[in-house]
Amino acid sequence: MATAFVFPGQGSQAVGMGRDLAEAFPAARHVFQEVDDALSQKLSKLMWEGPQEELTLTANAQPALMAHSLAVVRALEAEGGFVLAERVALVAGHSLGEYSALTAARTFDVATAARLLRLRGEAMQKATPPGTGAMAALLGAEIDLAREICAAAAVDPETGRAEVVEAANDNGGGQVVISGAKAAVERAIEVAKERGVKRAMLLPVSAPFHCALMASAADAMAEALASAPMRAPLVPVVANVTAAKAADPAEIRDLLVKQVTGTVRWRECVAAMAAMGCDRFVEVGAGKVLTGLMKRNAPEAAALAIGTPADVEAFLKSV
């Protein structure tokens, strides 16, 4: 059985996340301390005590989700002598989860990843004025139909001007998220209903991620990544924007910049990992969003999530 470790993205955060890991495992506690120190903020206190609205802010949620994921990885390593490079064939992460995957594979250290994700969250938030962008989920649409809907909704009928509306996440199983200018996304929802899409709804997000409106955030990440210490991952990463393996630090840096404005090709990432022989997918960190998607994207594969001390112990017994 070949295993892939996959790491969740934004939306999986919840108050209380990781607290039980910190209480159970010194190695997990150390990760949360490292992140707090790197950000000069008690992010762990916010993770464990809330409030939820503050935790959900992009600049907090991104490093928080990475911290939870890495706390699990370090607990596996310290408690069970789990060696990632020996036991895991591939790593991948959904959007910010790609940074968690790379940190698990030692491309970044925890402090560097925390600082990069804080900057990424702030830059994505600042890229568009509040209220001007939006994202929507199309449920019951595959990627080609979603792209057709975006093309049909892009032009403002009153002004004749083209506005940004693009496929942001191809999650698979008939779930595509679109992103762009608010008016264009709202038009796309109407077009989707006309085209027979089962459900089309606005998402409660603070900015239009993974579309051309994030260009200034991509520039900020290019600058930050240019000086960030990086090394080749111990395990190849399957990148969001190519759905292919990457192991060269210069290539990974370039892909992380492109990822800010590019489509998260998650359906294709899972298909690629399955084609490379992975038949067990382990979601590492908060929630079970990717585990749920896995049942639709790779139904033959085993899928499980590790986010709590009990999960860590059960997984170590199984390997």
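**Entry 1. Backbone exceptions**

I began with Pro51, which lies in the loop between helix H3 (43-49) and helix H4 (52-56); helices (H or I, at least four residues) and strands (E, at least two) are DSSP runs, numbered from the N terminus. I noted that the model is predicted, that local features need pLDDT of at least 70 and side-chain atom pairs pLDDT 80 or more, and that totals for chains, interfaces and linings use all residues. I also noted that residues are numbered from 1 along each chain as its sequence is written, and that side-chain values use heavy atoms, with hydrogens and water left out.

I looked up the peptide bond between Gly50 and Pro51 and found it cis, with omega about 10°. Most residues other than glycine have a negative phi, and most peptide bonds are trans.

I then turned to positive phi values. Ser95, a residue other than glycine, has a phi near 60°. I placed Ser95 in the loop between strand E2 (90-93) and H7. Ser95 counts as buried because its relative accessibility is 10%; buried means under 20% relative accessible area, exposed over 50%, and partly exposed in between (1.4 Å probe, protein chains only).

Ala243 also has a positive phi, near 55°. I found Ala243 in the loop between E7 and E8, and its relative accessible area of 12% makes it buried.

**Entry 2. Two loop residues**

I located Thr128 in the loop between helix H8 (110-126) and strand E3 (133-139). Thr128 counts as buried, since its relative accessibility is 9%. Neighbours within four places in sequence aside, I list Ala207, Pro208, Leu213 and Met214 as the contacts of Thr128; contact means heavy atoms within 4.5 Å.

I next examined Arg106, in the loop between helix H7 (97-104) and H8. Arg106 counts as partly exposed because its relative accessibility is 30%. With neighbours within four places in sequence again left aside, Arg106 is in contact with Arg74, Glu77, Arg231 and Leu234. I also checked Arg106 against Gly172: the two are 66 residues apart along the chain, and their C-alpha atoms are separated by 29 Å.

**Entry 3. Aromatic pairs**

I searched the whole structure and recorded five aromatic pairs. Rings of Phe, Tyr and Trp (its six-membered ring) pair if their centres lie within 6.5 Å; planes under 30 degrees apart count as stacked, over 60 as edge-to-face and the rest as tilted. Phe5 and Phe82 form a stacked pair, at 5.6 Å centre to centre with 0° between the planes. This pair links distant parts of the chain, 77 residues apart: Phe5 is in strand E1 (residues 2-7), and Phe82 is in the loop between helix H5 (58-80) and helix H6 (84-87). I found both Phe5 and Phe82 buried. Phe5, Phe82 and Phe315 form one aromatic cluster.

**Entry 4. Helix packing**

Two packed helices are described by the angle between their axes and the distance between the axes. I used axes that are lines fitted to C-alpha atoms, for helices over the stretch in contact, with angles from 0 to 180 degrees between N-to-C directions.

For helix H9 (residues 143-153) and helix H10 (residues 182-194), I recorded an angle of about 120° and axes 8 Å apart. H9 and H10 are therefore oblique to each other; angles under 35 degrees count as roughly parallel, over 145 as roughly antiparallel, 65 to 115 as roughly perpendicular and the rest as oblique. In this contact, Ile149, Ala152 and Ala153 of H9 meet Ala184, Arg187, Ala188, Val191 and Ala192 of H10. I classed the residues of the H9 and H10 contact as seven nonpolar, no polar and one charged; Ala, Val, Leu, Ile, Met, Phe, Trp, Tyr, Cys and Pro count as nonpolar, Asp, Glu, Lys and Arg as charged, and the others, Gly among them, as polar.

I then took H5 and H7, whose axes come within 9 Å and cross at roughly 25°. H5 and H7 are therefore roughly parallel to each other. Met66, Ser69, Leu70, Val73 and Arg74 of H5 make the contact with Ser100, Thr103 and Ala104 of H7. By class, I recorded four nonpolar, three polar and one charged residues in the contact of H5 with H7.

**Entry 5. Helix H12**

I listed the buried residues of helix H12 (residues 249-261) as Pro249, Ile252, Leu255, Leu256, Val257, Gln259 and Val260. I found that their cover includes H7, H8, helix H11 (215-227), strand E7 (237-238) and strand E8 (245-246).
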